[in-house]
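Here is a short briefing on one protein chain. Please look over the sequence and the model before reading the points below.

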Amino acid sequence: MSEVGTAEHGDPAGMTRDVWGRLLPQPVPAARNGGAPGEASALDELPLFPEAPAHWTPEQEAAFQRLHRRHSQKFFLFARGKLLNRCDAEDAVHSAFEYMVKHWPRLSETENPGAYAWRVLKSRIADLQRAGHRIIPVDDEQLLAMGKGCPGGDPGTEVVDLMALEGVIQKFPQRLQEALELERLNVPLREVAELMGIKEESAQMNLKRARARLRRELEALNERGQQ
């Protein structure tokens, strides 16, 4: 999908949006503090997580740092696409990791703590959505940006398409919505499977079904629009 510039949106420098008006993930720089490449930019995007409690062992603290480095930026971008503003997205991510901190001595012993954190994040997002009856906005600045990028100079059609696309995807089963969302964030299939607590083959099948269903739904929308 084509990108829309965000210089007028107040987004972080260098960030771009897709045609849904959502922030796109940026290339991940090499890790700092000895982490593996692709793991450190989350700490640049979000404030640092709370200081480790005194009763944690060094192994527990190191494991939590790895979890945070690996997932926090992707969690934020996912939440940013679901909630009204950046502050809400930060609140959801911080709340999720605070829960993980509180229960980390137990959760660190589980087979897949990342999947547990993913479920907590989605619960926190749902709580915020219910609290404010929030929907994904299409603001005036976004419309202007769309208009500048449309060959015909008419953003109206693009906005209708944006709203229709959102409406279509929101009707999908949750696992198919997540497959499309995580693909949009460039999350590797192996990590998608880990977050969703399923096998990689199942994650691949979810993505295949989501793409096929989206294609069918969009073709049906186009046919109705031509009638």
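The chain has nine helices and zero strands, and 42% of its 227 residues count as buried. The average pLDDT of the chain is 75.

**Confidence**

- A pLDDT of at least 70 is reached by 62% of the residues.
- Among the elements of the chain, helix α8 (residues 189-196) has the highest mean pLDDT, 94, and helix α1 (residues 41-45) has the lowest, 44.
- Residues 1-8 have a pLDDT below 50, and this stretch has 20 contacts in the model beyond near neighbours in sequence.
- Residues 138-160 also stay under 50 in pLDDT, and the model gives them 26 contacts beyond four places in sequence.
- Where pLDDT is low, the predicted coordinates should not be read in detail.

**Overall make-up**

- Along the sequence the pattern is α-α-α-α-α-α-α-α-α.
- Of the contacts in the chain with a separation of 6 or more, 63% are between residues 24 or more positions apart.

**Helices α2 and α3**

- Two packed helices are described by the angle between their axes and the distance between the axes.
- Helix α2 covers residues 58-82 and helix α3 covers residues 86-107.
- The axes of α2 and α3 come within 10 Å and cross at roughly 155°.
- An angle over 145 degrees counts as roughly antiparallel, and α2 and α3 are therefore roughly antiparallel to each other.
- The crossing of α2 with α3 is right-handed.
- On the α2 side the contact includes Gln60, Ala63, Phe64, Leu67 and His68, and on the α3 side it includes Val93, Phe97, Met100, Val101 and Trp104.
- By class, the contact of α2 with α3 has 14 nonpolar, three polar and three charged residues.

- The relative accessible area of Phe97 is 4%; the cut-off for buried is under 20%, so Phe97 is buried.
- Apart from its neighbours within four places in sequence, Phe97 is in contact with Phe64, Leu67, His68, Ser72 and Phe75.
- Phe97 and Leu67 are 30 residues apart along the chain, and their C-alpha atoms are separated by 9.6 Å.

**Helices α2 and α8**

- α2 also packs with α8, at an angle of about 85° and with the axes 13 Å apart.
- Angles of 65 to 115 degrees count as roughly perpendicular, which makes α2 roughly perpendicular to α8.
- From α2, the residues Arg70, His71, Lys74 and Phe75 meet Arg190, Glu191, Glu194 and Leu195 in α8.
- The residues of this contact divide into two nonpolar, one polar and five charged.
- Phe75 is listed in the contact of α2 with α8, and Phe75 is also listed in the contact of α2 with α3.

**Helix α7**

- How many of the 11 residues of helix α7 (residues 174-184) are buried?
- Eight of them are buried, and the helix is mostly covered.
- The buried residues of α7 are Leu176, Gln177, Glu178, Ala179, Leu180, Glu181, Leu182 and Arg184.
- After α7 comes Asn186, which has a positive phi, near 60°.

Key:
Residues numbered from 1 in each chain as written. Predicted model: local features only at pLDDT ≥ 70, side-chain atom pairs only at ≥ 80, totals over all residues. Heavy atoms only, no water. pLDDT = per-residue confidence, 0-100. Helix = DSSP H or I, 4+ residues; strand = E, 2+ residues; numbered from the N terminus. Contact = heavy atoms within 4.5 Å. Axes fitted to C-alpha atoms, helices over the stretch in contact; angles between N-to-C directions. Parallel < 35°, antiparallel > 145°, perpendicular 65-115°, else oblique. Left-handed = near helix turned anticlockwise from the far one by under 90°. Nonpolar A, V, L, I, M, F, W, Y, C, P; charged D, E, K, R; others polar. Buried < 20%, exposed > 50% of the residue type's maximum accessible area, 1.4 Å probe, protein only.
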